[in-house]
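Have a go at each task before reading its solution.

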Amino acid sequence: MEKVSVFGAGSWGTALSYVLAQNNHDLLLWTHRQEQADEINQNTNKRYLKDTQLPENLKATSDLSEAVEHGDIYVLAVPTKAIREVCQDIKKSLNRKILFVHVSKGIEPDSLKRISEMIREEIPEQWIEDVVVLSGPSHAEEVVQEHPTTVTAACENTAAANRIQDLFMNHYFRVYTNTDVIGVEIGGALKNIIALAVGITDGLGYGDNAKAAIMTRGLAEIARLGVKMGATPLTFSGLTGVGDLIVTCTSVHSRNWRAGNMLGKGKSLDEVLEEMGMVVEGIRTTKAAYQLSKAYDVPMPITSALYAVLFDNVSTDDAVEKLMGRMKKNEMEDLINLL
Ligand SMILES: NC(=O)C1=CN([C@@H]2O[C@H](COP(=O)(O)OP(=O)(O)OC[C@H]3O[C@@H](n4cnc5c(N)ncnc54)[C@H](O)[C@@H]3O)[C@@H](O)[C@H]2O)C=CC1
Ligand SMILES: O=C(CO)COP(=O)(O)O
């Protein structure tokens, strides 16, 4: 049994706490809202997981110092935008080495940092045992129904990755390990951009051909950037690459797909965000990936088209026309360049 603190009680932090509580770990879930902690202690979190009865041993607190004191392993499950703030608050009372796990999927615009890099910038090195990334095709709504789910725990330190594999693994939640942290973080963050784009084409009324095209060419541009940043190409064929791309582009549970779908049907970005009420990571990540494509000089046509729609007032029809009218390419040359 491990002592674990989970920070962030939205859909994913709560679903992972459900798994950890079922695995009989000594778990404490932190939320910044007292009324949400009270509700979780009554075994529900209806705003995020409406029909789920949470295990009796899943306990929550809104007292950050209590959560900091509790765990030897911390699972950070807040949106990318909140990672630095939560780390800054955690470090105020941190006094021992902790194994950090992060489960968020994003890149920070402007700094262009991955989440593991942000954690290492914010938490003093002396308090970090290591940082493991847990990522893969895993919608919270299905995890709490105990439907078979597979994810990957990534860390260069295989002992740390193995510990996190053991922590989460059970009969419905299967965890693989990988040492390619860059590939896992880039795949998890950038698939949200492609899911937004697929949602838009679905919203525009295009069919499955368009969906397959964007998913396939989307994966090519994610891998192209990832490899330039130091990732292993094969990671993009794994759970955190093509696996997460498939689930996010095809599932009704995906907030990114749903947001794209509303944009494709003509709603404004503000209207979409108002309606969602949950994090749509792909929007900020589109800005970051667009900046990364310039910084690494990697062509990313789908990301650029989405950037134009979200931030430059280009219409979705014009963006599609521009993508289809790009200069002729040889597919094999493009893929071989990854090796
Ligand atoms: N929902 C899912 O199925 C999955 C989500 N993820 C990732 O997990 C991360 C979190 O996503 P969700 O839980 O789905 O989001 P959510 O929108 O369901 O919940 C986010 C939670 O973070 C809290 N929060 C926001 N800002 C905060 C701050 N400054 N301090 C403390 N708490 C704050 C909110 O109150 C809310 O409880 C995202 O990066 C997402 O991409 C990854 C895999 C699956
Ligand atoms: O990352 C996810 C599933 O693996 C969740 O995707 P959304 O944020 O689009 O719901």
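Helices (H or I, at least four residues) and strands (E, at least two) are DSSP runs, numbered from the N terminus. This is a predicted model, where local features need pLDDT of at least 70, side-chain atom pairs count only at pLDDT 80 or more, and totals for chains, interfaces and linings use all residues. Residues are numbered from 1 along each chain as its sequence is written, while chains are lettered from A and ligands numbered from 1 in the order in which they are written.

**Exercise 1. Describe the overall build of the chain.**

Step 1: Count the secondary structure, which comes to 16 helices and eight strands.

Step 2: Compare the radius of gyration, taken over C-alpha atoms, with the globule rule, 2.2 Å times the number of residues to the power 0.38. The chain has a radius of gyration of 20 Å, close to the 20 Å that the rule gives for 339 residues, so it is as compact as a globular protein of that length.

Step 3: Find the buried residues (20 or more other C-beta atoms within 10 Å of their own, C-beta atoms being placed from the backbone; exposed means 12 or fewer, partly exposed in between). They make up 51% of the 339 residues.

**Exercise 2. Work out how the two domains meet.**

Step 1: Take the bounds, which come from an automatic or database domain assignment: domain 1 is 3–179 and domain 2 is 182–336. Over C-alpha atoms, their centres are 26 Å apart.

Step 2: Collect the contacts (C-beta atoms, placed from the backbone, within 7 Å). Domain 1 contributes 26 residues and domain 2 contributes 26 residues.

Step 3: Look at the side of domain 1 that touches domain 2. Helix 5 (115–122), strand 6 (128–135), strand 7 (149–154) and strand 8 (173–178) each give two or more residues, and strand 7 gives the most, with four.

**Exercise 3. Which residues have the most contacts inside the largest nonpolar core?**

Step 1: The largest core has 62 residues, and Phe-7, Val-75, Val-101 and Val-132 have the most contacts inside it. Helix 1 is the element that gives the most to this core, with seven residues.

Step 2: Set aside residues up to four places away in sequence, and list what Phe-7 touches: among them are Trp-30, Tyr-74, Val-75 and Val-86.

**Exercise 4. Characterise the surroundings of both ligands.**

Step 1: Count a residue as near if its C-beta atom, placed from the backbone, lies within 6 Å. Around ligand 1 there are 26 residues, with Gly-10, Trp-12, Ala-82, Ser-104 and Met-278 the closest. Helix 1 (11–22) and helix 4 (83–91) each give two or more of them.

Step 2: Turn to ligand 2, which has 14 residues around it; Ser-138, Thr-248, Ser-254, Arg-255 and Asn-256 come nearest. Helix 10 gives the most to this shell, with three residues.

Step 3: Sort by class: Ala, Val, Leu, Ile, Met, Phe, Trp, Tyr, Cys and Pro are nonpolar, Asp, Glu, Lys and Arg charged, and the others, Gly among them, polar. The shell around ligand 1 has 12 nonpolar, 11 polar and three charged residues; that around ligand 2 has three nonpolar, seven polar and four charged.

Terms used:
Two residues are in contact if their C-beta atoms, placed from the backbone, lie within 7 Å. A nonpolar core is a set of buried Ala, Val, Leu, Ile, Met, Phe, Trp, Tyr and Cys residues joined through C-beta atoms within 7 Å.
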